[in-house]
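Hi,

Here is the structure I said I would pass on. Have a look at it first, and my notes follow below.

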Amino acid sequence: MTQHLNEDDLYRTSSQYRLWSFSPEGLAALRRKTHELAITRASQYATKSNSYDGQGGAAVDCLTSEECLRLVQRYLDQVRTTSDHFKWPIPVKATAVQYLARFYLSNSPLTYPPKEIYKTVLFLACKTEATHMTLSEYARRISTPADEVLAPEYKVMQALRFTLDVRQPYRGLKGVLMELLNLAEGRVGEAEGVETGGAKALQAEMQALEMPPKTAQTMWRVKPAGKIESKDQMDRINAAYSAARTILDGPALLTDAYFLFTPPQILLAALHLADEPLTSFYLRTKLPLDSDLRPKILTTIAACAELLDSFSGSHILSKDERAALEQKLEGCRDPSTRDLVGSHAVAKRGGDGGEEAEEKARKKKAAREKHLKEGPAHSPVAKSSSLASG
Amino acid sequence: MSRIAPPKVMPVYKRDPRTGVVQSQDDVCPVCKSARYMNPSLRFLVNPECYHKMCESCVDRMFSHGPAACPIKGCGRTLRKHRFREQTFEDIKVEREVDIRKKVGATFNRREEDFETLLAYNDYLNDVEDITFNLINGIDLEETNKKFEAYTRAHGKEIEENAQMAVQERQSFSAAQKLERQQARERREAARREEEEEKREVEENRRDVLNRLASGADAETVAKEGQRVQLKKRMDRQAATERQRQLQAAEDAHSECNNKFVIKGLKTKQKPAPEALVDPFGGLRLVDSYFTLQDDYIWEGIQEARKDVKQTAGGYDVRDYAHRSLVAAFSGLGVFVADEITQRDQLAQKDGVVGEDVGLKDAEMIHAP
């Protein structure tokens, strides 16, 4: 009873597909709900504090959902910079950014300001992606006390629903690179159902490919007078690869691409932006012309490419804007989550039950000491035996 | 005032060389109180009726004129002289238990082949052990004895058949053993005879050669002839033994079971069917549908890894890396997140389940401090 799974079935078993994939409307709805809940809470504790002060119910100036998003995005970028500062490999970076993004799907910056969370997230990612650094070393290099790094960790895990695997496009991009280089060399591993003319024909087709358009992100531009040689082909492929990699490093992580698309779609979209004729050629060798998935796949890749293209570095908050937003946040943030370190320590001790246990332990100790001091002769049992022998 | 207890006299234990029974100097017959000190040849007998021991002389005295009551105080059971016997075990309880087991075993003598399933056989054994236990410890004696008799009445014939089979088996087993020993003896004899023959022949040959030489024949021709004769004799002998062996084999073919080495009690077991190979993936197979793995990729990363001894010495195949990269490149290409997730949410709503129920609901986490 053999059950055959293809690669798509494999992806459908991942937690990223099951829990962290959304339609655009679904994503927006989720964010809206999170923000509304945060706002309700904000108004609750605002009225509480106002009643203490005796002032009237002045409307609290909270961050709008747009501002929240931008603040989170700013810290996604901050995570990227910090990971580069540590010189960690790119999977750590991508994982950390995605953890932060996922965290803020179900929590709001009003409750947990990203400034206190992003270091924890990065530490968690370095542990998950097998580039572990000791906590003391990490805390030292990032100039933060170690308990501040550890305190929000459990909340982050809860927000992540304990699913720590982030499927990334980087390894897949390497695979595509390998295949393209082999195609240029005249070797092909045919996909089933695809009608190609054979290896030699594909090689010729590749050589006859048109130049990348002006808008392409790849650095490669052919010398106008020269004929395409195989070395030029390799250069073209490598240039396309590095351009795609840069796109994956930046825009892909800082947009909602990971929530709305799958890693292969993201990487092919990045490649599409880098060198469109090359990508179309490649997809022609992969997807059979008569399959009904083919047009859908192509439109999805195009949509993802649009999303990646629409991002620009200027969207990210500048330092001053960030400072301004954070000041505003100070005024309206949830006061109960202010002392994360303290609440973490309480939770570790065992919560409120810990205090009662301490009381009992103290009482027992006092009783024991008293008993030792006065001696066993004062206990009722000893008294009766001494009477009998007497 | 404290009393110092007198030092205890350790009884002297001796083992009777003839019967092997451990005797101690102060063994006393409970009936006539005669000690071994006075009669060194004191022997105790025991009756399986009540397991009370008495000296031989008491038994002779009391029970020679027919059955009488047991003289031990409190036990009045009628005992017969012929049932008295020497105690085999030191512990009288063990003796009693062994007797009971023998009795039960004589009645409940079914075999494993008689049962359809192992479970049925084990249940039977369990019941038999229950009965035995009850009899030994005197629990529910009436009921147990009734069960016993009921079984005996119901299956009397089968019990007898089984007993007969056991007896026959034992006989055939001893017969087979005897045959084995006889054959071994014969083989040894034959070997010895062969050796003697050889020695005799060598002697004869030497004498013959000497005679010939003495009578003046040519030395060389005599030597050659002598060798030829010797060789011929050896060949003949080998042919003869070969023929003998063939005859024996033919004989064996007729009486096959005589030559088998019989072990008593061996069941004809069927070899269990060979276990199916364990499939570590439980029937799942990953199929590459978007690509076919090639043997070699010219990308320099792969080429370098292939040449690097540190990578390949342990048996690592770089194609694993290539395969994994390509699977990662395509796993999810045909998955349309927006449509599939919307569909799933709609279905979930219809069923009434709110989304993915993993325990924590997303929206509620904001309230968790």
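Before anything else, a word on one term: a residue counts as buried when its relative accessible area is under 20%, with exposed meaning over 50% and partly exposed the range in between. Please also keep in mind that this is a predicted model.

With that cut-off, 23% of the 369 residues of chain B come out as buried. Chain B has eleven helices and seven strands. Its accessible surface is about 27800 Å², and carbon and sulfur atoms account for 53% of that. As for contacts in chain B between residues at least 6 apart in sequence, 47% of them link residues at least 24 apart.

Now the charges. Over all chains, the whole structure gives 39 salt bridges. One of them pairs B:E340 with A:R12, with 3.0 Å between the closest N and O atoms. That pair crosses between chains: B:E340 sits in helix α11 (residues 337–351) of chain B, and A:R12 in helix α1 (residues 7–12) of chain A. Are the two partners buried or exposed? B:E340 is buried, because its relative accessibility is 17%, while A:R12 is partly exposed at 28%.

Within chain A, have a look at A:D249 and A:R80, whose side chains form a salt bridge at 3.4 Å, N to O. A:D249 belongs to helix α12 (residues 230–249) and A:R80 to helix α4 (residues 65–85), so this pair ties together parts of chain A that are 169 residues apart in sequence. Both A:D249 and A:R80 are buried.

Helix α12 of chain A also holds A:K231 and A:D235, which lie four residues apart and are therefore separated by about one helical turn. Their side chains meet in a salt bridge too, at 3.2 Å from N to O. Here A:K231 is exposed, at 55% relative accessibility, and A:D235 is partly exposed, at 31%. Back to A:D249 and A:R80: salt bridges with shared partners join them with A:D77, A:D84 and A:K93 into one network.

Last item: there is a patch of positive charge on the surface, where A:K360, A:K363, A:K364, A:K365 and A:R368 gather. A:K360 counts as exposed because its relative accessible area is 60%.

Cheers

Terms used. Residues are numbered from 1 along each chain as its sequence is written. Chains are lettered from A and ligands numbered from 1 in the order in which they are written. This is a predicted model: local features need pLDDT of at least 70, side-chain atom pairs count only at pLDDT 80 or more; totals for chains, interfaces and linings use all residues. Side-chain values use heavy atoms; hydrogens and water are left out. Patches are made of residues with over 30% relative accessible area and no salt bridge: like charges are joined within 9 Å, nonpolar side chains (Val, Leu, Ile, Met, Phe, Trp, Tyr) within 5 Å. Accessible areas come from the Shrake-Rupley method with a 1.4 Å probe; for residues, only the protein chains shown count as cover. A salt bridge is a side-chain nitrogen of Lys or Arg within 4 Å of a carboxyl oxygen of Asp or Glu. Lys and Arg count as positive and Asp and Glu as negative; His and the chain ends are not counted. The place of a charge is taken as NZ of Lys, CZ of Arg, CG of Asp or CD of Glu. Buried means under 20% relative accessible area, exposed over 50%, partly exposed in between (1.4 Å probe, protein chains only). Helices (H or I, at least four residues) and strands (E, at least two) are DSSP runs, numbered from the N terminus. Contact means heavy atoms within 4.5 Å.
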